[in-house]
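Trainee: Hi! Could you walk me through this one before I start working with it?
Mentor: Happy to. Have a look at it first, and then ask away.

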Amino acid sequence: PFCFAKNQIIDAQSAKVHPMDIGLIRGYGIFDFFRTSNYTPLFLSDYLDRFIRSASKTHLQLNYDKSALSDIIHQLIEKNDLKNGGIRMLLTGGVSENHFSPGAGDLFIFCEDLIFPSLEKYENGVKLLSAEHVRAIADIKTTNYAFPVWLSADWKAKGAEDVIYHQNGIISESSRSNIFVIKDGAINTPDEHILHGITRMRVLELAPETSIRQVSFEELLKADEAFITSTTKKILPITSIDNQKIGSGLVGPITKQLMTDFEAMEKQIVFK
Ligand code: PLP
């Protein structure tokens with residue numbers, strides 16, 4: 001496959017990063033990740049805006065503007081014949097003399113295989129475990145996922161899909177997805193200490209009546225339905241938290257409706 005590195009499209013095998021890049025030695029860098037659906041880079045404009053915003057908020061210089069990035073991405077989709085795949089944009093912190101201050105970062109754009117959760121998980125829902133944690137600089141898509149990568153050994157061993165973060169009794173998000181909580185027909189989603197997901201944004205468009213507000217861990221446990229959203233999970237139902245059933249323990253009607261609406265929206269964009 002081809003990727004973009006060193007300011008050109010090259011064979012992905014020859015992409016290299018310097019070992020002293022602070023992306024590597026300090027975990028300082030940004031990225032974004034989106035997918036193609038039938039060769040269409042879905043919601044590309046929103047992902048590019050977020051990537052550009054992440055660069056600016058982390059004081060990293062991005063030498064390509066939105067239209068230049070979009071051109072490169074369209075070239076990669078064509079060259080890699082990427083019908084349904086993932087695309088990752090990565091801007092490293094760069095190499096600097098003191099090994100701490102950001103330097104001139106390297107921009108990489110590369111294509112990946114995409115693996116969605118199994119059909120069984122969409123039909124029956126998945127289990128999350130809770131963890132007391134709040135992400136630092138949460139609204140920037142930084143490359144630092146050390147905590148959840150470390151924690152994943154534990155949640156995998158316990159048969160959970162992922163984790164739900166909470167602090168002082170208030171939930172924020174899952175390790176790589178946002179959360180929605182439904183009670184008595186009302187949809188709620190947290191807004192603080194989260195990465196503002198593009199999938200979350202689409203769900204808010206499909207369900208504009210959603211309350212964007214603080215949601216307590218207690219409320220989540222007592223909810224009728226809950227689901228998480230992300231680029232690679234779309235809308236994935238949650239049916240258990242810390243081995244406690246959410247609602248009936250089955251995927252609820254509002255979640256099901258939103259899953260259907262989301263698929264319809266994607267089809268409409270891709271096959272227009
Ligand atoms: N929250 C975090 C911490 C994430 O890493 C991600 C995605 O990777 C999300 C939320 C969901 O965002 P999106 O829907 O844009 O994939």
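Here is the chat that followed.

Trainee: First things first, where do these coordinates come from, and what mean pLDDT does the protein have?
Mentor: This is a predicted model. The mean pLDDT of the protein is 97, and 100% of its residues reach 70 or more. For the complex, the predictor gives an ipTM of 0.99 and a pTM of 0.97.

Trainee: Nice. Which domains does the assignment give?
Mentor: The domain assignment lists domain 1 as 2-112 and domain 2 as 119-270. Taken over C-alpha atoms, their centres are separated by 26 Å.

Trainee: And how many residues of each are in contact with the other domain?
Mentor: On the domain 1 side there are 20 residues, and they are in contact with 12 residues of domain 2. The elements giving two or more residues to that side of domain 1 are β3 (29-37) and α2 (44-57). Of the elements, β3 gives the most, with eight residues.

Trainee: How do the residues on that side of domain 1 divide by type?
Mentor: There are seven nonpolar, eight polar and five charged residues on the side of domain 1 that touches domain 2.

Trainee: Changing topic: what surrounds the ligand?
Mentor: The ligand is surrounded by 13 residues, and the closest are L195, G197, I198, T199 and T231. Two or more residues of this shell come from each of α6 (198-206) and β13 (225-230). The most come from α6, which gives three residues.

Trainee: What about the make-up of that shell?
Mentor: The shell around the ligand divides into three nonpolar, seven polar and three charged residues.

Trainee: You mentioned β14. Why is that strand described as largely enclosed?
Mentor: Strand β14 covers residues 234-241, and seven of its eight residues are buried, so the rest of the structure largely encloses it.

Trainee: Which strands does it pair with, and in what sense?
Mentor: Let's take them one at a time. Strand β7 (residues 126-132) runs parallel to β14, joined by three bridges, and there L128 stands opposite I241 in β14. With β13 the pairing is antiparallel over five bridges, and S230 has K234 of β14 as its bridge partner. Strand β15 (residues 244-245) is also joined to β14, by two bridges in the antiparallel sense, with I241 opposite Q244 in β15.

Trainee: What are the connections like on either side of β14?
Mentor: A hairpin with three residues joins β13 to β14. Another hairpin is formed by β14 and β15, with two residues between them, and D242 in that turn has a positive phi of about 50 degrees.

Trainee: There's a proline in that strand. Is P237 buried or exposed?
Mentor: P237, which lies in strand β14, counts as buried because it has 22 C-beta neighbours inside 10 Å, and 20 is the cut-off for that.

Trainee: What does P237 touch, leaving aside its neighbours within four places in sequence?
Mentor: On that basis, P237 is in contact with Y122, G125, F227, V251 and T255.

Trainee: Where do N38 and F43 sit?
Mentor: N38 is in the loop between β3 and β4 (40-41), while F43 lies in the loop between β4 and α2.

Terms used. Residues numbered from 1 in each chain as written. Predicted model: local features only at pLDDT ≥ 70, side-chain atom pairs only at ≥ 80, totals over all residues. Domains from an automatic or database assignment. Contact = placed C-beta atoms within 7 Å. Helix = DSSP H or I, 4+ residues; strand = E, 2+ residues; numbered from the N terminus. Nonpolar A, V, L, I, M, F, W, Y, C, P; charged D, E, K, R; others polar. pLDDT = per-residue confidence, 0-100. Near = placed C-beta within 6 Å. Buried ≥ 20, exposed ≤ 12 C-beta atoms within 10 Å, placed from the backbone. Pairing = 2+ DSSP bridges.
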